[in-house]
Amino acid sequence: MTTTRTPTAGDATEAGVAPDAVDERVPLRRLVPLSAQHVLAMIAAPVSTVFLVAGTLRMPPGATASLLSAVLLLCGAGALLQSLGVWRIGGRLPFVMLPGGAATALFLQIAQEHGAPTATGAVLLAAALLLAVLPLYARVVRLFPPLVMGVTVLLIGIAMIRVAARLVTGPDGTGEPRTVLLAALTVAATVAAYVLLRGVWRQTSVLVGMAAGTVVAVTTGLGAFTPAAGGGFALPALLPFGTPRFDLVAALPLLVFSLTTLAEITGQTVLNSETVGRAPAPGRDVPRVARADALVSLAGGLFGTSLMVTSAENIGIGRLTGVRSRFVTAGAGALLVALGLATPVTRALAGIPEAVVGGSALVVYAVIAVMGVEMLRRADLSGTGTGNLTAALALTAGLLPLLSPDLYAGLPGWARTILGSGVVAGTLTAVLLTALLGRRDRRSRRIEDDRAASGGADHP
């Protein structure tokens, strides 16, 4: 049986990573291409997320272009804030920032059930909650072990696949053969790009698939490419969905999710610190990273986006290039700001056919579901404890609203909102059962350890 060990900062130094590599100043002639690589690796996430929101909420091309501009600006500002840091805001690590895929799923769920202004209010409430709980970080993060996080992310992925499918079929759920074919060809192009491309280019496979799908749509007549009118540089629209509406019960899915992000932020911060050769200090760095997430998310709520989250997916590029400098991701942030202000770019991208966006979104959110499965694999589901029962019941609570939408129709409105959200129902079930049954498991293990230590354990 082989064992694995968590790498340490010392391992990074032995592997050739200088302790001060994260603060290395990179010459401009190298900074620009290195920063562009980071932009290429992460650009698919904001683009596909915006089109998913725009398609689901039936936004016109001009509003889609404005939303994409806002998201790119926020991604750039977030990368600059996390990389450079201001006071106790930002981890001063080579991070980029993206619109959270899981958070977008919950944003759309709230928007469809309660209206876009309520979804905007939910984003602002969730970002404020994240800021408020940071003094209690150590206590809150214990509520979300891998089992709870795995259930949450898996349910979000499943729910999001259902939403993405509606971009292909339309709101009535009946897809025309040509739109289904176009979505399928987009998925095929994305898979082919992922299999055939290497290095940083593989991380652009979603964008390559969208480009290929658009070309197929235009050349075969399966769809139309209709960019929004306009040009030059412009700022995105403030409050595109109108005045935010604050409803705590409706916002509950995003409020719960904002707390779960603390566990993800912890893992990413430790991993990034180890990669650049800095000794991990979660107690110091995680609150700084989370503050930047919360502040950028507050700004995002004002511009119509869901929660913005720090991402460590660019760590692979640092390993590939051997450059761990935080100034490279700061440069990527500056490039993203420039792209967000260049309205010809965003207005051209807004013309991508809806079925192409749906095909790409199916791939992206299927990957999120698989991430949930990977998290569950890190939990103890062996059957000797209660983890397998906890996961089973939590998934049941989360899938019931999807499989039987009218199950809670006779309950009061607040109960329908909580139990009718698969993500909230499943996450709360996982948290409660982990707290209750996990305590019993720990007590049983202590008793067995005491028996073994006193020689009173039975032996075969």
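These legends describe close-up views of a predicted model. Local features need pLDDT of at least 70, side-chain atom pairs count only at pLDDT 80 or more, and totals for chains, interfaces and linings use all residues. Residues are numbered from 1 along each chain as its sequence is written, and side-chain values use heavy atoms, with hydrogens and water left out.

**View 1. Helix H4 covers residues 61–84.** Helices here are DSSP runs of H or I with at least four residues, strands are runs of E with at least two, and both are numbered from the N terminus. H4 has 24 residues. The expected span of a helix is 1.5 Å times one less than its number of residues. For H4 that gives 34 Å, and its end C-alpha atoms are 34 Å apart, so the two values agree. The helix is mostly covered, with 18 of its 24 residues buried. Buried means under 20% relative accessible area, exposed means over 50%, and partly exposed lies in between (1.4 Å probe, protein chains only).

**View 2. Strand S1 pairs with strand S2.** S1 holds residues 96–99. Val96 and Leu98 point one way, while Met97 and Pro99 point the other way. All of these residues are buried. S2 holds residues 308–311 and runs antiparallel to S1, with four bridges joining them. Two strands pair if DSSP finds at least two bridges between them. Leu98 has Val309 of S2 as its bridge partner.

**View 3. Pro253 sits in helix H11.** The helix spans residues 252–276. Pro253 counts as buried because its relative accessible area is 3%. Leaving aside neighbours within four places in sequence, Pro253 is in contact (heavy atoms within 4.5 Å) with Leu106, Gln109, Ser421 and Val424. Gly422 is 169 residues from Pro253 in sequence, yet their C-alpha atoms are 9.0 Å apart.

**View 4. Arg92 has a positive phi in the loop between H4 and S1.** Its phi is near 55 degrees, and Arg92 is a residue other than glycine. Arg92 counts as partly exposed because its relative accessibility is 37%.

**View 5. Leu239 lies in the loop between helix H10 and H11.** H10 covers 205–220. Leu239 is not a glycine, but its phi is positive, at about 50 degrees. Its relative accessibility is 29%, so Leu239 counts as partly exposed.
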